[in-house]
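Have a look around before reading on.

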Amino acid sequence: MTTTRTGMQEGPTDFRFDFDRFERMFELGILNDLGPRIELLEGRIVERSPIGGEHGDTSVDLAVALTNTLNRIPTLHDAVRVSAAVTLRIGDYSAPEPDVLVARRRNGRKYYEAADAVLVIEVSVSTRDNDLTIKRPLYARAGIPEFWIVEPETRLIRVFRDPRPDGSWGDETVVTDGAVTPLFSDQVHLTLAELF
């Protein structure tokens with residue numbers, strides 16, 4: 001990189017897409033060739049891997065189990081909802097699509113925002129490295145209170161709590177048997193036997 005007489009630097013620069021440009025490209029059909037499996041992560045447009053049967057089945061099982069549990073608890077059913085593969089807007093430069101999202105209701109807004117989320121779940125079959133290196137710190141920096149990485153092949157759930165602004169988590173646990181109870185309600189219990 002060199003500096004010109006005006007003090008401006010010449011050379012390669014990174015360009016980050018913001019959410020508004022990302023959404024506009026969809027509206028204009030610019031991203032149609034990439035298909036529906038793309039996300040905006042820290043200003044970069046990232047193509048997601050195709051969803052295999054195990055990934056899809058586990059995502060559906062998680063969403064159904066959580067929905068069924070919430071339907072039995074009226075106060076929770078009215079406060080939060082379970083969604084699958086929806087856009088979660090995080091600031092101006094990220095819009096991941098978690099496999100399962102438990103969030104406060106949007107109240108008419110088009111997208112869920114980080115402040116709405118009470119639990120974000122990614123199912124990792126072929127995406128484990130990206131989920132650990134990209135999404136885990138992204139969700140922590142966004143202040144998501146709880147993040148799970150569900151790994152059907154190894155039959156475990158990585159539970160991350162106590163998000164830190166630097167992208168780390170204060171509490172990380174690996175659950176290999178029994179049940180997991182999310183922070184948002186001690187009345188919700190997901191047993192690993194239901195999922196794997």
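Is Asn107 buried or exposed? With a relative accessible area of 73%, Asn107 is exposed (buried means under 20% relative accessible area, exposed over 50%, and partly exposed in between, using a 1.4 Å probe and protein chains only).

## What you are looking at

This is a predicted model, where local features need pLDDT of at least 70 and side-chain atom pairs count only at pLDDT 80 or more, while totals for chains, interfaces and linings use all residues. Residues are numbered from 1 along each chain as its sequence is written, and side-chain values use heavy atoms, with hydrogens and water left out.

The chain has 196 residues, and 44% of them are buried. Along its principal axes, the C-alpha trace spans about 65 × 35 × 30 Å. Its secondary structure comes to five helices and 14 strands (DSSP runs numbered from the N terminus: helices are H or I with at least four residues, strands are E with at least two).

The mean pLDDT of the chain is 89, and 92% of its residues reach 70 or more (pLDDT is the predictor's confidence in each residue, from 0 to 100). Where pLDDT is low, the predicted coordinates should not be read in detail.

## Two loop residues with positive phi

Back to Asn107: this residue is found in the loop between β7 (100-104) and β8 (112-113). Its phi is near 55°, a positive value in a residue other than glycine. Most residues other than glycine have a negative phi.

Glu42 also has a phi near 55°. This residue lies in the loop between β3 (38-41) and β4 (44-47), and at 30% relative accessibility Glu42 counts as partly exposed.

## Salt bridges

Side chains of opposite charge can pair when their charged atoms come close. The structure holds 13 salt bridges (a side-chain nitrogen of Lys or Arg within 4 Å of a carboxyl oxygen of Asp or Glu). One of them sits in helix α1 (residues 19-27), where Glu27 and Arg24 are three residues apart, about one turn of the helix. Their closest N and O atoms are 3.2 Å apart, and Arg24 is partly exposed at 44%.

Which residue does Asp116 meet in a salt bridge? The partner is Arg109, at 2.9 Å from N to O. Asp116 counts as buried, at 8% relative accessibility, while Arg109 counts as partly exposed, at 28%. Arg158 and Glu151 pair up too, at 2.5 Å from N to O. Here Arg158 is buried at 19%, and Glu151 is buried at 5%. There is also a network, in which salt bridges that share partners join Glu39, Glu122 and Lys135.

## A negative patch on the surface

Which residues gather in a patch of negative charge on the surface? They are Glu54, Asp57, Asp61, Glu153 and Glu194. Patches are made of residues with over 30% relative accessible area and no salt bridge, with like charges joined within 9 Å, and nonpolar side chains (Val, Leu, Ile, Met, Phe, Trp, Tyr) within 5 Å. Asp and Glu count as negative.

Helix α2 (residues 53-71) supplies the largest share of this negative patch, three residues. Asp57 is found in helix α2.

Notes
Accessible areas come from the Shrake-Rupley method with a 1.4 Å probe; for residues, only the protein chains shown count as cover. The place of a charge is taken as NZ of Lys, CZ of Arg, CG of Asp or CD of Glu.
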